[in-house]
Amino acid sequence: MEFQPKAFDVETVFTMAKKRRTKKFRGPDSPLYTAVCPVAYIMRFFGLAPYKFSNDRLVPSNVYLIFSFMVLLFYSYAVCTECYRFSKLQRDTELLKGTEYVKIIFNYCMTVYDILTVAMTRKKFTCIWNSIQDYDEAVRILGYPQKETKTRIVCWCLLIYNTILWIAINQTGMDAFTESWSDNIIYMSVYIGSSMAVYKFVGITLLLGQRFHHLNEMSQKSVPSKIHYYRSIKIDLKTIQGLHNELMIIGESLNSLYTSSLILWLTNLSIHSVTNLYFIIGRFLSFWDDIKWPVIICLLLWLLMFTTQLLLIHVACDFTSTQANSIGGILIDWQVYLMGQNSSTMPLESTLHLLNRRLQFSAAGCFYVNLPLMRSIAALLTTYLVILLQLQ
């Protein structure tokens with residue numbers, strides 16, 4: 001039998017090599033995960049990310065779940081150690097001693113709830129992440145790839161800001177209360193863990209808000225009356241509605257996942273903020289001649305940490321809700337223009353439902369979390385603080 005050599009096509013070989021080098025848009029090599037990778041490792045260290053990638057899809061991981069429960073045991077040890085240490089310390093007043101117990105125990109309970117919630121809702125969170133990946137793949141195919149430059153910048157800014165702030169709290173706390181480094185770190189560990197849970201919610205909410213904003217920009221560039229202003233690919237109305245529906249499903253799943261945690265975070269952060277501010281003002285009023293500035297600076301840094309988390313929760317929820325609820329007006333303007341040109345094939349009623357389907361982040365059904373709520377919380381805490389200062 002005569003051997004027939006196979007023809008060698010240089011163009012085909014180079015095309016296949018180029019495909020191999022093409023950047024992946026799913027899994028650990030995707031632009032999204034690459035942008036948030038440092039934060040993902042930190043979340044995993046604090047037991048808040050018991051997930052792994054399998055075939056470019058995020059799936060629950062039993063190995064990381066075991067690590068989450070180990071972190072939970074460490075938090076329990078830290079709280080027991082700190083409560084025992086507080087019982088041996090001499091405080092200026094019984095109010096200060098009792099307040100410290102309440103704050104640390106309430107924060108511990110909230111942290112335990114966060115880790116248990118993460119453990120029980122692993123599958124639901126992975127579905128949210130995978131749906132975001134699917135959306136990014138869909139808009140990339142349409143010619144509008146999601147840019148992750150801002151995501152990377154925000155992640156690193158928050159990471160650097162929190163690192164500097166926690167180091168400052170640690171150093172001033174050691175100086176103010178004459179504690180060793182290990183004792184101060186054990187006390188801070190539970191608070192760092194609770195703050196990581198807040199940042200995880202803020203991060204995934206801002207990612208969703210970015211995609212709503214991206215979809216709004218796509219819609220505005222595809223409006224027929226504005227086509228000559230942009231050099232873009234025209235997308236039809238049904239495609240925009242389908243993409244918006246996918247993002248709304250993600251947002252509603254995210255809201256149901258964190259609705260109970262939101263009210264716990266807001267309560268915990270508000271309690272810590274008002275008590276810290278009360279003790280700062282109380283020290284200025286009572287010990288003006290002998291102010292311990294290291295203690296004041298330490299309390300101010302703690303107050304900055306709590307108020308930062310409060311502000312980020314409200315900003316993330318308000319930004320995402322505003323971007324999600326803006327699509328209705330854009331699409332109605334689009335259809336009105338088409339009706340004026342007698343080129344509309346869809347009834348106006350097919351878009352009106354977007355005005356009624358609104359994304360709002362609810363705190364256990366009690367209230368919606370947005371920037372106006374931040375103003376209400378500030379007013380309420382100010383009133384409560386004035387009442388506390390009037391009491392002996």
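Let's start at a ring. Lysine 200 lies over the face of phenylalanine 125, 4.4 Å from the ring centre. Keep in mind that this is a predicted model. There is a second contact of this kind. The charged end of arginine 44 sits over the ring of tyrosine 64, at 4.3 Å from its centre.

Now the cavities. The structure holds 3 of 30 Å³ or more. Which residues come closest to its centre? Lysine 200 is back, along with Asp114, Thr117, Val118 and Tyr258, out of 13 lining residues. H8 gives the most, with 4 residues. By class, the lining has 8 nonpolar, 3 polar and 2 charged residues.

On to the aromatics. A search of the whole structure finds 17 pairs. Take phenylalanine 74 and tyrosine 77. Their ring centres are 6.5 Å apart and their planes meet at 40°, so this pair is tilted. Both sit in helix H3 (residues 62–88), 3 residues apart, which means about one helical turn between them. Phenylalanine 74 is partly exposed, at 38% relative accessibility. Tyrosine 77 is partly exposed too, at 49%.

Next, tyrosine 258 and tryptophan 265. This pair is also tilted, with 5.9 Å centre to centre and 35° between the planes. Buried or exposed? Both residues are buried. And tyrosine 258 is one of the residues closest to the centre of the largest cavity.

Last, a cluster. Ring pairs link Trp166, Tyr187, Tyr191, Trp302 and Phe306.

Notes:
Residues are numbered from 1 along each chain as its sequence is written. This is a predicted model: local features need pLDDT of at least 70, side-chain atom pairs count only at pLDDT 80 or more; totals for chains, interfaces and linings use all residues. Side-chain values use heavy atoms; hydrogens and water are left out. On a 1 Å grid over the protein atoms alone, a cavity is a set of points where a 1.4 Å probe fits but cannot get out, and a pocket is an open set with protein on both sides within 12 Å along at least five of seven lines; lining residues have an atom within 4 Å of a point. Grid points are joined across faces, edges and corners, and a volume is the space filled by probe spheres set on the points. Helices (H or I, at least four residues) and strands (E, at least two) are DSSP runs, numbered from the N terminus. Ala, Val, Leu, Ile, Met, Phe, Trp, Tyr, Cys and Pro count as nonpolar, Asp, Glu, Lys and Arg as charged, and the others, Gly among them, as polar. Rings of Phe, Tyr and Trp (its six-membered ring) pair if their centres lie within 6.5 Å; planes under 30 degrees apart count as stacked, over 60 as edge-to-face and the rest as tilted. Buried means under 20% relative accessible area, exposed over 50%, partly exposed in between (1.4 Å probe, protein chains only). A charge sits over a ring if NZ of Lys or CZ of Arg is within 6 Å of the ring centre and within 35 degrees of the ring normal.
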